[in-house]
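These are my notebook entries on what I looked up in one structure. I kept them in the order in which I followed the contacts.

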Amino acid sequence: MKKTLSFLLAALAFTGILFTSCNTKPFNPEEEEQEPQELEKLKASVPVTNNWIYDKRPSITIHIQNPNSVSTTADAKVRINTDQMGSVTTIEKKGVEIPANGTLDVVLTTDYDLDPGFYKAFPAVNGRGVKTFNFGVSPFEIVSAPDMQDDFNDFWQAAIDQLEAIEINADLTEISSNSAYTLYFVEMQSIPDGLTGDPVIIRGYYLEPTDGKKHPVLMHFQGYDTLNSRPSISLPGGNGQYAEFFLSHRGQYLNRSTAAEREKVFGENDGKGDFENIYNDWFAFNFGDKNGYYYRGAFIDCVRAVQFMATRSTSDMDNLFAEGSSQGGALSYAAAALSPIPFVAIAPNVAFLGDYPDYFKIVTWPGDVAKANQGSMSDEEMYAFLSYFDTKNLATRINCAVWATSGLQDGTCPSHTQMAPYNNLKSKDKSMTFYPEMQHSYPSTWTSDIDKFFKDRMK
């Protein structure tokens, strides 16, 4: 009997009918195999941290949002290149858990110090790019060594001497007047496009305070004009606190306006006819000829405009200031470097014309124009020519206060090229402000900020 029972139990166990309680799960006939949930894609962004300016090791944050009701994992990484697109490193964190309906900030930091300079970051989550952006590392330690030729100072002194021999012959046409200032359209003579020839006529707007008192002088220098279309001219405004001059240097802006355009803006025909740009592309004009190059004349035009202001009874030349963006920033540097009348302070924004050898490696323009007009010059000869007109070399002559501003995402005048003059300034009172998301533009508070900067330094 015992043998029969044992045999029966063994047979049941073999067929799977008998289970122990710890392995038994109640059968539920309503249970069916569930399809896996289809997850929405993760959302990602890159917040600005530390103004995207770092001391040694950048720490880049990727903000990841999980819109799903279940947690999931993500691979986060950032590839880093130099601003000249040389590969530097890739930082990655794999399998990072993002909570259900939640967010997570993934911080990616290099494990070694980066050299001073500007870099481009390419963040990605699960292989999808998030936001490409530029950032800086120790920008005030970037070395953009001056490369001026031995006759650099003599060259510019000769240009100033040439200007001194030419009468200003200023012609003022009143456009409008109110209780604060009178607005004039001004024409005056500057140096020719070379060592000989007739003086070039340059133009601008002059705002003269009407109270008869002396006022600090503010020079405004303009950006690069639009080559392939007529400029849209307009009248400037002021508040009578400064005596102000808005320079249109040779061939640009007012200097290529038509009589009809001016009549529309001025309210009457000034009888001066149409003004034409005889230079075509200004950057290319007489390229390779240092004595006839466009920017020799344009830089000296700034000095002439300062000299004009010195002739006006309401100008306090002990309080001389300048501002400008892009090309206007370069002209601000040039005016401060070359004017025999010293400036108290200048404010160059997103300044042009800095450190040509590096400039041409980072962005296309104006390097493509330079190379198209290089002719038989070697690269060494071309950069030796351009060194006379490089703001990093002019900066070695500047001692006044400087507030420079730069947009880190500027694809026209990259921050690298703006640090070149800034780091070579002799000024003890200088500062640089980086706007992390700004491109080639003005800061939104530019007018009020420069006004405060200048007023804090008035004598």
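This is a predicted model: local features need pLDDT of at least 70, side-chain atom pairs count only at pLDDT 80 or more; totals for chains, interfaces and linings use all residues.

**Entry 1, strand 12.** I began with the surroundings of I201, which, once neighbours within four places in sequence are set aside, is in contact with E187, M188, Q189 and N255, contact meaning heavy atoms within 4.5 Å. I placed I201 in strand 12, residues 200–209, where helices (H or I, at least four residues) and strands (E, at least two) are DSSP runs numbered from the N terminus. With a relative accessible area of 35%, I201 is partly exposed; I use buried for under 20% relative accessible area, exposed for over 50% and partly exposed for what lies in between, with a 1.4 Å probe and protein chains only. I also looked up S190, which is eleven residues from I201 in sequence and 6.2 Å from it in space, C-alpha to C-alpha.

Residues are numbered from 1 along each chain as its sequence is written, and side-chain values use heavy atoms, with hydrogens and water left out.

Is S315 buried or exposed? I found that S315 counts as buried because its relative accessibility is 4%, and that it lies in strand 15, residues 315–325. Apart from neighbours within four places in sequence, S315 is in contact with K214, H215, V217, A243 and M309. A polar atom of the S315 side chain lies 2.8 Å from the backbone oxygen of M309; a polar contact is a pair of N or O atoms within 3.5 Å, where within protein one must be able to donate a hydrogen and the other to accept it, and residues adjacent in sequence count only if both atoms are side-chain atoms. Strand 15 is largely enclosed by the rest of the structure, because ten of its eleven residues are buried.

I then followed the pairing of strand 15, two strands being paired if DSSP finds at least two bridges between them. Strand 13 (residues 215–221) runs parallel to strand 15 and is joined to it by seven bridges, with H215 standing opposite S315. Strand 16 (residues 345–349) is also parallel to strand 15, through five bridges, and I346 in strand 16 is the bridge partner of A322. Strand 15, helix 5 (residues 327–338) and strand 16 together make a right-handed β-α-β unit, right-handed meaning that, with the strands pointing away from the viewer, the path from the first strand over the helix to the second runs clockwise.

I looked up the volume of the largest pocket and found about 660 Å³. Of its 27 lining residues, H220, P236, E244, F246 and E323 are the closest to its centre. On a 1 Å grid over the protein atoms alone, a pocket is an open set of points where a 1.4 Å probe fits, with protein on both sides within 12 Å along at least five of seven lines, and lining residues have an atom within 4 Å of a point. Strand 13, strand 14 (243–248) and helix 11 (446–455) each supply at least two lining residues, and helix 11 gives the most, with five.

Nine of the ten residues of helix 10 (residues 415–424) are buried, so I noted it as mostly covered. The buried residues of helix 10, among them H416, M419 and Y422, pack against strand 7 (117–125), helix 5, helix 6 (356–362), helix 9 (391–394), strand 17 (401–407) and strand 18 (430–435).

I found a cis peptide bond between W365 and P366, with omega about 5°, and P366 sits in the loop between helix 6 and helix 7 (367–372). N101 is a residue other than glycine with a positive phi, near 50°; it lies in the loop between strand 5 (87–98) and strand 6 (103–109) and counts as exposed at 57% relative accessibility. N169, which is not a glycine either, has a positive phi of about 50°, is found in the loop between helix 2 (152–164) and strand 10 (171–177), and is exposed with a relative accessible area of 51%.

Methods
Grid points are joined across faces, edges and corners, and a volume is the space filled by probe spheres set on the points.
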